[in-house]
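Here are my notes for a first look at this entry. Please keep the structure open while you read.

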Protein chains: 2
Amino acid sequence: MSLRFLSNTERVALMGCCAGRRSSSVAYVKSLGDFLLTRIVSSKAASHHQQRKNFAKEAARGSMASYQPCLSMETLNPNIIALEYAVRGPLVIRAGEIEKELEKGVKKPFTEVIKANIGDCHAMGQVPITFIRQVLTLVTSPSLLDDPRFPDDAKERARTILKGCRGGSVGSYTDSPGIEIIRRHVAQYIERRDGIPADWQNVVISAGASDGIKNILKLMICNVGGKPPGVLIPIPQYPLYSASLAEFGINQVGYYLNESKNWSLDISELQRAITEAKKNCEVRAIVVINPGNPTGQVLPRENIEEIIKFAYKERLFVLADEVYQDNIYAPGSKFYSFKKVLMEMGEPYSSMELASFMSCSKGYMGECGLRGGYTEVVNMCPKVKAMYLKAISAMLCPTALGQSCLDAIVNPPQKGEPSYESFIKEKTAVLDSLKLRAKMVADTFNSMEGFSCNTVQGAMYAFPQITLPQKAIEAAKSEGKQPDVFYAFELLESTGICIVPGSGFGQKPGTYHFRTTILPQPEKLKSMLEKFAEFHSQFIKKYS
Amino acid sequence: MSLRFLSNTERVALMGCCAGRRSSSVAYVKSLGDFLLTRIVSSKAASHHQQRKNFAKEAARGSMASYQPCLSMETLNPNIIALEYAVRGPLVIRAGEIEKELEKGVKKPFTEVIKANIGDCHAMGQVPITFIRQVLTLVTSPSLLDDPRFPDDAKERARTILKGCRGGSVGSYTDSPGIEIIRRHVAQYIERRDGIPADWQNVVISAGASDGIKNILKLMICNVGGKPPGVLIPIPQYPLYSASLAEFGINQVGYYLNESKNWSLDISELQRAITEAKKNCEVRAIVVINPGNPTGQVLPRENIEEIIKFAYKERLFVLADEVYQDNIYAPGSKFYSFKKVLMEMGEPYSSMELASFMSCSKGYMGECGLRGGYTEVVNMCPKVKAMYLKAISAMLCPTALGQSCLDAIVNPPQKGEPSYESFIKEKTAVLDSLKLRAKMVADTFNSMEGFSCNTVQGAMYAFPQITLPQKAIEAAKSEGKQPDVFYAFELLESTGICIVPGSGFGQKPGTYHFRTTILPQPEKLKSMLEKFAEFHSQFIKKYS
């Protein structure tokens, strides 16, 4: 039973009925359809219970009834059934199958799959930053600390990290929020970035930003004043948010970004979204992704100020997803952290609760596979913070090598150190190339019939809108697919290009988009865009 | 507000009232005390809601009321408040403070803190296995693949892993269940271990076993037949289980291990526990830790067969925590995996659902900081498995370096390969030394007045019972501490030895235990045990 196409209300209803979170959720189940759905699942779970009872009786009598699964779709966590993560959804699974078919020699109109679905830099040919890998190598094999082929600054970083590891080994558990010296380096990095003091004890290292984000979101699971919790997220959004909120049974309160103003954030839209949501839930937090994923906008400082004022007025915890802070391309765009703006606004705003997320996976380093990241929590109530730290302690610690990677990023070679020149050269080369590609992608899409693509000011993605012919929409419907999903599948099967349909991120009803990364290396990106243009014109011809 | 001393029923009540899981949980709230507790928390949340409303009104009027936190103890996820993880609890926090005091030159009756609280091998001086670190170094710095100082077998492993990484870099995201070739190597490892086929598609790599265990447990969050879910866990248990069940709002159904029979598992006790629990919940799964943590027993094959029959009769999903499978010390003890036994029992047992967990953190390798581990799921309903895989996909992937470490463990040097001799020598040295230490610890404790310690047949811990003088129990009470916690704090302050009180794992009411690892290196362990004996005799004198 696929629940992919259920509405949010339906999902909440479904969650409520099975997960024992009935009373408050069911109060919001309004339509007959939802009601029936609830009944069906309830009665399935009940009949499963009866089956189990009968089975136990039979087994006790020694009768060897054939085994029925303990864990079936009827008795599985309904929040897990409801959650969706399009970046790794059915389209990507199909792309993997196609890759295997190609390996086996199956003939296709293309020779390779281009995975433009995920911000996976090294997979697309980006070369690791030498200094980062040197530090990692040295902490892994401390015997190489004597090797003259490694530069002194990398050795110094490695020695410092190892001194922070119990027994001098990255094989030891670290403190749950991370190695103290690395947390201190992160705090210094934030101070340099913002010109605002940062307390290392507010820095919590995590296995990538995703882990950090989930650890903050789960704190919000609490009915307040008899209402279930809700969290504001942008639409389009990065589906980690929708997936996590679904898993946690928290109401997703979407606010639409303004596509006609380069995906900017209108306060009136925030107000509309929260006013509507308040009928059903207690909105407790707001997520802002800046630079935007999948939308690529970079918020101007004034916009951030407005959002902070709104969050203050509505008493919202601010989650600032700032993992693309190094990825700024458009002339005139500049990254301002929410913390910097909030602190510079002074009281009462500078007392607001905020969590900011950063990752080793993006920026110029793109070390996705190492799973390093951090959360800076600001103004969290000390008792709550103690509980937050307690909750993460049961998972022991984030990977010591992911932490070491983070250290190399927040404590890079300084002027005068042996690796400085080459580090800057490598870093600049990656960012300059991404800047060119950001422009190339948007320009190419805008030259295509029925495409409209905003400027990619930052991050790693373009999210163009496409106009689909009515016949294509009908063909999609007849296959039971969303039109943008239908388009993406046709693109994949014809060209090997794997993108993510806009419905995976959310989009205004009746509009169609997709997300593509700007990560393929320049030559490959060029040929990908040519193939894309050719496919698109044939698609339009086919369905017009 | 600390909820540490609440009963399980009280916690469920508390969860229910705040987290919107009211109806079904509250049905089981029986006592007036629970009822009052529920009311208190409800009314706090309600008054917080009123405060927020007032605040919003004031803010709208432009009145700059002083900021109240969005996230307070009244509005924080109550499951997070309820969960406890003693291995990193207040005692360990105090141990960390003492370490800092020592660094600053504060005079103490000892010169170092001995962290016997956690199975952290390298922190206690165990040396990393050379082969593992070589493989990790080579995948991190592929340029070293030409370096003659690295052996060919390590190079071959590294090349194979890199071939499995997109773009040939460990910096790329891997598939969410892990790199295919490493999953295949894990399956081959399981086949060699059990002599039973293993399907690589049933292997899911995780960030340590903890991550894998939580991902399976969360599938169980579902009311069945109007009852909340419950999971059987041993008492004493490893507190990841109690913490995760508390976080997920799943009823913890404890079954006592039989201390008088070397912590063996009595089926009659399982029957007692499940019969009692069925009044309140639907028991859906059983956790067995073998070799035992904190108890060190190794289950004989017949015992495993009995448990499987019990699980079959009661239709339970079996979670086999087998992370200590390499740590077997006692003569006559042998590790049998649950999968092997279940498969060899034939139908209907061989169709039962099982998840088995393994980790890079234990055994002879002890690479805790690298966060590698795997889950093998057996006979999981295919639709459920698809949902399970979907759920983990939102977290992208486990660390590629943790996976590489796992690969080196499951695909170690073979006879005839250049690293074989040294690998076996290093591995044997660690395990032989642990064997001696396991005996040394139990023997020493048994020579101490009021101590009784079972044979440490396996794993990395001793869990002795201690008889505490009545005066000590009263002194503990007057400080508001559990007697075993009181004892552990006195031990820490007097000697620097950090252990975990038995109450952190669960113990029969009126009995007192603690867990210590057997991990300090032999000389240090000897001196630790001497200090311990001296402390204990003075403690007895002081309170008699």
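The points below go from the chain pair to the sheets and the helices.

1. Ground rules. This is a predicted model, in which local features need pLDDT of at least 70 and side-chain atom pairs count only at pLDDT 80 or more, while totals for chains, interfaces and linings use all residues. Residues are numbered from 1 along each chain as its sequence is written, chains are lettered from A and ligands numbered from 1 in the order in which they are written, and side-chain values use heavy atoms, with hydrogens and water left out.

2. The two copies. How is chain A laid on chain B? A turn of 180° with a shift of 0.0 Å along the axis does it, at an RMSD of 0.0 Å. That is the relation of a two-fold axis. The superposition is by least squares on the C-alpha atoms of residues with pLDDT of at least 70 in both copies. The copies meet through the same surface, because 99% of the interface residues of chain A are also interface residues in chain B.

3. The annotated domain. The UniProt record, an unreviewed entry, lists "domain: Aminotransferase class I/classII large" for residues 166-531 of chain A. Its positions are given in the numbering used here, feature names are shortened, and annotations may be inferred rather than shown by experiment. Over residues 166-531, chain A is 40% helix and 16% strand. The end C-alpha atoms of that stretch are 53 Å apart. Helices (H or I, at least four residues) and strands (E, at least two) are DSSP runs, numbered from the N terminus.

4. The sheet in chain A. Seven strands make an open sheet in the order β2-β8-β7-β6-β5-β3-β4, with mixed pairing. Two strands pair if DSSP finds at least two bridges between them. Which strands stand at the edges? They are β2 (203-206) and β4 (251-256) of chain A; each has a single partner strand, so one side of each lacks a neighbour in the sheet. From one strand to the next, the twist averages 25°.

5. β2(A) pairs with β8 (residues 373-378) of chain A in the antiparallel sense, over four bridges. A:Val203 has A:Glu376 in β8(A) as its bridge partner. Helix α10 (residues 240-248) of chain A packs on the sheet and touches β3 (229-235), β4, β5 (282-289) and β6 (317-321) of chain A. The direction of α10 makes about 165° with that of β3(A). Contact means heavy atoms within 4.5 Å. Axes are lines fitted to C-alpha atoms, for helices over the stretch in contact, and angles run from 0 to 180 degrees between N-to-C directions.

6. A helix pair in chain A. The axes of α6 (residues 130-140) and α7 (residues 152-164) of chain A come within 9 Å and cross at roughly 45°. α6(A) and α7(A) are therefore oblique to each other. Angles under 35 degrees count as roughly parallel, over 145 as roughly antiparallel, 65 to 115 as roughly perpendicular and the rest as oblique. Residues in contact include A:Phe131 and A:Leu138 from α6(A), and A:Ile161 and A:Leu162 from α7(A).

7. Parallel strands in chain B. Four bridges join β3 (residues 229-235) to β5 (residues 282-289) of chain B, and these two strands run parallel. B:Val231 has B:Ala285 in β5(B) as its bridge partner. Helix α12 (residues 301-314) of chain B packs on the sheet, touching β3, β5 and β6 (317-321) of chain B.
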